[in-house]
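Colleague: I have not seen this one before. Can you walk me through it?

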Amino acid sequence: MRSWLFAPGDSEKKMAKAADGPADIVLLDLEDSVAPERKPLAREMVRDFLAGRADRERLWVRINPRTSGDALHDLEAVMSSAPGGLLLPKAEGPEDVEALDTFLIRLEKAHGIPRGSTRVAALVTETPKAMFRTGDYEGAPRLVAMSWGAEDLSSALGARIQFRPDGGYMPTYELARSLCLLGAAAAGVAAIETIQADFRDLEGLRERAMMVRSQGYRGMLAIHPAQVDVINDAFTPGEDEIAHARAVIAAFAANPGAGTVGLDGAMLDRPHLALAQALLADAGADA
């Protein structure tokens with residue numbers, strides 16, 4: 001789940017372009033990219049688009065917020081075509097995921113979809129209230145990923161500026177990024193970095209993706225197909241990383257029961273072993 005590419009649900013052309021590309025997850029959007037008056041049409045278009053695809057496992061739908069008047073209409077429209085998952089915006093705590101699970105149990109049964117097979121990711125920092133609940137998602141049903149967002153939070157705060165002069169986020173949004181990462185780790189799910197709005201700055205995107213990956217993020221949202229290859233590359237372990245991880249594992253295997261081992265002049269302990277094992281798992285590589 002390295003790259004998560006949005007495509008507006010009221011554009012068949014853009015949905016097809018996204019789905020035919022290399023994104024790991026395609027997010028067919030019924031929320032922010034669709035005007036209110038076009039949401040009924042977008043639901044029908046997303047439902048029909050999904051029905052015509054064989055790769056629905058990687059085709060997800062961003063529904064509208066649970067407390068909006070649109071979320072249940074979204075679910076009733078698209079679940080007949082069995083999307084691979086749902087992105088829940090403006091989540092303010094695990095109870096939002098639990099309520100979504102209740103709806104999905106009924107709709108999966110109605111449409112002959114295996115119970116629990118529809119996965120969920122949640123956007124967990126889009127309101128001030130949500131910021132205080134990021135550590136509460138452990139055990140939330142179906143949840144496989146958590147992401148964050150600056151735009152809606154900025155609007156809720158009445159903030160005019162998100163970025164420092166050097167291009168980094170202002171402290172409030174750095175806090176949101178950190179809370180999402182910590183919350184995802186506590187819940188045992190993947191942390192997914194938010195979008196980069198300037199889709200032309202691919203070098204800046206690469207640097208940012210590599211930076212957040214080094215902190216523990218597992219993937220990133222994208223708003224343009226041009227961003228996908230950069231994100232996929234940044235979140236794919238390189239050969240040097242794989243070789244080092246194998247060396248770490250081999251060093252511990254050669255010293256069974258040891259709490260620490262030496263490698264290339266450095267002392268490594270058991271957390272280094274766990275990181276090496278996780279990296280190989282992400283890469284699909286053998287030790």
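Colleague: What do the eight strands form, and in what order do they run?
Modeller: They make a closed barrel, in the order S1-S2-S3-S4-S5-S6-S7-S8, with parallel pairing. Two strands count as paired if DSSP finds at least two bridges between them. Neighbouring strands of this sheet are turned by 25 degrees against each other on average, direction ignored.

Colleague: What kind of model is it, and how are residues numbered?
Modeller: It is a predicted model, where local features need pLDDT of at least 70 and side-chain atom pairs count only at pLDDT 80 or more, while totals for chains, interfaces and linings use all residues. Residues are numbered from 1 along each chain as its sequence is written, and side-chain values use heavy atoms, with hydrogens and water left out.

Colleague: How many bridges join S6 and S7?
Modeller: Three, in the parallel sense, between S6 (residues 143–147) and S7 (residues 190–193). Ser-147 has Ile-192 in S7 as its bridge partner. Strands are DSSP runs of E, at least two residues, and helices are runs of H or I, at least four, numbered from the N terminus.

Colleague: Which strands does helix H1 lie across?
Modeller: Helix H1 (residues 12–19) lies across S1 (3–8), S2 (25–29) and S3 (59–62), at about 165 degrees to S1. Axes are lines fitted to C-alpha atoms, for helices over the stretch in contact (heavy atoms within 4.5 Å). Angles run from 0 to 180 degrees between N-to-C directions.

Colleague: Changing topic: how many salt bridges are there?
Modeller: The whole structure has 24, counting a side-chain nitrogen of Lys or Arg within 4 Å of a carboxyl oxygen of Asp or Glu.

Colleague: What does Glu-193 pair with?
Modeller: Arg-177, with the closest N and O atoms 2.5 Å apart. Glu-193 lies in strand S7 and Arg-177 in helix H7 (residues 171–187), so the pair ties together parts 16 residues apart in sequence.

Colleague: Is Glu-193 buried or exposed?
Modeller: Buried, with a relative accessible area of 0%, and Arg-177 is buried too, at 7%. Buried means under 20% relative accessible area, exposed over 50%, partly exposed in between (1.4 Å probe, protein chains only).

Colleague: And what about Arg-142 and Glu-108?
Modeller: Their side chains meet in a salt bridge, 2.7 Å from N to O. Arg-142 lies in the loop between helix H5 (128–131) and S6, and Glu-108 in helix H4 (residues 94–110), so the pair ties together parts 34 residues apart in sequence. Both residues are buried.

Colleague: Which residues are linked in a network of salt bridges?
Modeller: Asp-29, Glu-31, Arg-62, Lys-90 and Asp-152.
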